[in-house]
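This report describes one protein model, moving from individual helix residues to the nonpolar core and the surface. The structure is shown below.

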Amino acid sequence: MNHILHTLKLSDFVTLLNAVCGIVAILLLLNGFTYLAPLLILIAAVADGLDGHIARKFSSSEIGGNLDSLADVISFGVAPVVITYAFVENGMKYLILPALIFYFICGILRLARFNTMHMGQNSFRGLPITAGGIAMSAYLLMGERFFDVYIMASIAFILGILMASNIIYLKAKDQKILIPLTMIFAATIISYNFGIDYTHTMATLLSGLMAIYVVSPIIRKNT
């Protein structure tokens, strides 16, 4: 145990926070915290972004890359699938299950490929699983008024296909994109303290931004 702790860097502890958020999200869901669960996936995404930044700024450990992928499996693979399944009424669970399994399989294939390929500092091959987890969580946070099992199943299938694809996605480094995204992200998380209606509103904005990112390769190709 001491040997493992000595090998960990600051970025690894942030990665572990990512994984913990995913596990706690599932546990909260089991205890009836319906909307707090997907909100924790957004917090996990913040940790996922921070660990890479910290690793580049300071240093990373030998296990950092593998640890990050394992954390992503939990927070953006398993947790969104479990949370989404719980949102669906019993009579419709049979419909959403194949889509969720497909999403999960594509997600872990995406992570496995990421660990064996090096695309450079500015792009990804295939939609990042973090973006998939955010997109699913943001849609759930929009509330029951907008939730539809057929739309959710379609979202899961589309995200799965994009994660397993060879489509190139750029990293969000442009300040014109990063600053508004960060503000809406933070506002969505904080809004939970002021009432779930505010969260629904902010999550709708976040869903719009994620939809733009998902189709951004098409937009980029046509400009």
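Leaving out residues up to four places away in sequence, Val14 touches Ala47, Leu50, Asp51 and Ile54, where contact means heavy atoms within 4.5 Å. Val14 lies in helix α2; helices (H or I, at least four residues) and strands (E, at least two) are DSSP runs, numbered from the N terminus. Val14 is buried because its relative accessible area is 14%; buried means under 20% relative accessible area, exposed over 50%, and partly exposed in between (1.4 Å probe, protein chains only). Val14 and Asp51 are separated by 37 residues in sequence, and their C-alpha atoms are 5.5 Å apart in space.

The model is predicted: local features need pLDDT of at least 70, side-chain atom pairs count only at pLDDT 80 or more, and totals for chains, interfaces and linings use all residues. Residues are numbered from 1 along each chain as its sequence is written, and side-chain values use heavy atoms, with hydrogens and water left out.

Apart from neighbours within four places in sequence, Thr15 is in contact with Asp51, Leu67, Asp68 and Ala71.

Asp12 is another residue of helix α2. Its relative accessibility is 1%, so Asp12 counts as buried. With neighbours within four places in sequence set aside, the contacts of Asp12 are Thr7, Ser61, Gly64 and Leu67.

## Helix α3

The expected span is 1.5 Å times one less than the number of residues in the helix.

The buried residues of α3 are Ala37, Pro38, Leu39, Leu40, Ile41, Leu42, Ala44, Ala45, Ala47, Asp48, Asp51 and Ile54.

## The largest nonpolar core

The largest nonpolar core has 55 residues, of which Leu42, Ile83, Tyr103, Leu127 and Leu206 touch the most other members. Such a core is a set of buried Ala, Val, Leu, Ile, Met, Phe, Trp, Tyr and Cys residues joined through side-chain atoms within 4.5 Å. Two or more residues of this core come from each of α2 (10–30), α3 (36–57), α4, α5, α6, α7, α8 (175–191) and α9 (196–214). Helix α6 gives the most, with nine residues.

Which residues does Leu206 touch, not counting residues up to four places away in sequence? They are Leu42, Ile134, Ala138, Leu181, Ile184, Phe185 and Thr188.

## Helix α5: the buried residues

Helix α5 has 24 residues, which should span 34 Å at 1.5 Å a residue; its end C-alpha atoms are 35 Å apart, in agreement. Buried in α5 are Lys93, Ile96, Ala99, Leu100, Tyr103, Cys106, Gly107, Arg110, Leu111 and Arg113. These buried residues pack against α4 (64–87), β1 (123–125), α6 (129–141) and α7 (149–164).

Ala164, placed in helix α7, touches Cys106 and Arg113 when residues up to four places away in sequence are not counted. Ala164 is partly exposed, with a relative accessible area of 42%. Leu70 in helix α4 is exposed, at 56% relative accessible area. Between Leu70 and Arg113, 43 residues apart in sequence, the C-alpha to C-alpha distance is 13 Å.

## The nonpolar surface patch

Tyr85, Leu97, Ile101, Ile105, Ile108 and Leu109 form a nonpolar patch on the surface, with about 490 Å² of accessible area together. Accessible areas come from the Shrake-Rupley method with a 1.4 Å probe, and for residues only the protein chains shown count as cover. Patches are made of residues with over 30% relative accessible area and no salt bridge; like charges are joined within 9 Å, and nonpolar side chains (Val, Leu, Ile, Met, Phe, Trp, Tyr) within 5 Å. A salt bridge is a side-chain nitrogen of Lys or Arg within 4 Å of a carboxyl oxygen of Asp or Glu.

Helix α5 (residues 93–116) gives the most to the patch, with five residues. Leu109 is located in α5 and counts as exposed because its relative accessibility is 51%.
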